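Please read the following account with the coordinates open beside the text.

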Amino acid sequence: MKKQILAILIATFGLTLLFSSQQIQEESIVVNVEIPVRVFKGNTFIDGLTIEDFEVYEDGKLQKIEAVYLIKKKSIERKEEKKRFAPQTARNFFLWFEISEYMPRLREAIDYFFDNVFFSGDNLIVITPLKTYNLKDQALKVKSREEVADKLIGIIRKDTTAGNSEYRASLRDLREIINVIEGKAGGEARTSQEIEDVNSDFYNVGSLEEIVIMYSSILKKLENLRGINQQKLLDFAKSLKSKKGQKHIFLFYQRELLPQLHPNTLNKFMSQYQDKPALQFDLSSLFDTYTRDISIDVEKVKQAFADSSLSVHFLFLKKMNENIPGLQMQERSEDIYLTFKHMAEATGGLVESSANPAFAFKRACEAFENYYLIYYSPENYKRDGKFKKIKVRVKNKNFKITHRAGYFAN
């Protein structure tokens, strides 16, 4: 009996030790969180801050800062360490082009990049509407920077033309249909030359009902061609998480303008076809198809990119609104624009709008090259898989501060 009691006590004590050691092990996990931080007064980077000037909060709780490093380009200019770290300052650049038409001033942006930004030891990946390219390490050893820039511009122009040919053709078809509808409404039909080499096949279509069906079909096709694939965005962010060094994505997105029936034309049809309520409904519903809500989980995408500790610099490239008689061009970039804007803000990147890609790109490059690296070890860290929100402040100062929104405790 005594032996049985002793065995039970030993077993119970052993289990207690097992659970206690597991609990101690879980509670003693040490994780170091790195935050690239940029501090501005206006457009000027503030480089005189010390470790005592910063405050870091995780889910609203003040954290102990372990180290602060001031980085300029790739060099550690100053460091303050309560605990020593080994900052990775190697740079990985991603030039990502979400554009439907090549813009000649992109050449200025690419020249600026190779003349002033890209140095030996940097990595470059270029994403076009058609393919992804990785600049070989030896490229700048065997070719001049101008030759490499020439090659890259040729790739961007070729892939933009080939990768979006179906989209541009659908836009031309849409313009032609609107031209036909304008003619049926009593307006003066324009020639193909007036709407930039459009296909004239649509002049031979029959009834207005058939035209409206074709109009709606092309709009749906355009939506399928230009939509955002959420899973691809999430996979892209995940693939970059383990990449060493600093990661800078420059996302060039072109303003989207779609041709639309002029409201005056719609009103004419509403009066002419009062005896056809179904047709009136189809015509009026065409305007609803231009309304675009965000179709992806933006919060999920924001958190994925923030977790990967990269900077997305969103460059919104404006296009001039075309002046085509009888045709109303409407901007329809709002859903994709907002998604990319939120991605940039969640990663501490810049959002810049300009008709000049070189100007927007230069502003982004000037903003990213100087930054602080702040390290802290979260108190009571638990691998619960939840997203931890980060907030960085400068004591008693009203500066503009950009940094990633947080990380997943995995």
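Is arginine 91 buried or exposed? With a relative accessible area of 2%, arginine 91 is buried, where buried stands for under 20% relative accessible area, exposed for over 50%, and partly exposed for values in between, computed with a 1.4 Å probe on protein chains only.

Residues are numbered from 1 along each chain as its sequence is written, and side-chain values use heavy atoms, with hydrogens and water left out.

The pLDDT, which is the predictor's confidence in each residue on a scale from 0 to 100, averages 83 over the chain, and 81% of the residues score at least 70. Over residues 1–27 the pLDDT stays under 50, and the model has one contact (heavy atoms within 4.5 Å) beyond four places in sequence for this stretch. Residues 187–203 also have a pLDDT below 50, but here the model holds 41 contacts beyond near neighbours in sequence. Where pLDDT is low, the predicted coordinates should not be read in detail.

Side chains of opposite charge can pair when their charged atoms come close. A salt bridge is taken here as a side-chain nitrogen of Lys or Arg within 4 Å of a carboxyl oxygen of Asp or Glu, and by this rule the count comes to 14.

One of them joins arginine 91 to aspartate 122, with N and O 2.8 Å apart. Because arginine 91 belongs to strand E7 (residues 91–98) and aspartate 122 to the loop between helix H2 (106–117) and strand E8 (123–127), the pair ties together parts that are 31 residues apart in sequence; helices (H or I, at least four residues) and strands (E, at least two) are DSSP runs, numbered from the N terminus. Aspartate 122 is buried as well, at a relative accessible area of 5%.

A salt bridge also links arginine 107 and aspartate 150, whose closest N and O atoms are 2.4 Å apart. Since arginine 107 lies in helix H2 and aspartate 150 in helix H4 (residues 145–163), this pair ties together parts 43 residues apart in sequence. Arginine 107 is partly exposed, with a relative accessible area of 21%, and aspartate 150 is partly exposed at 37%.

Key:
This is a predicted model: local features need pLDDT of at least 70, side-chain atom pairs count only at pLDDT 80 or more; totals for chains, interfaces and linings use all residues.
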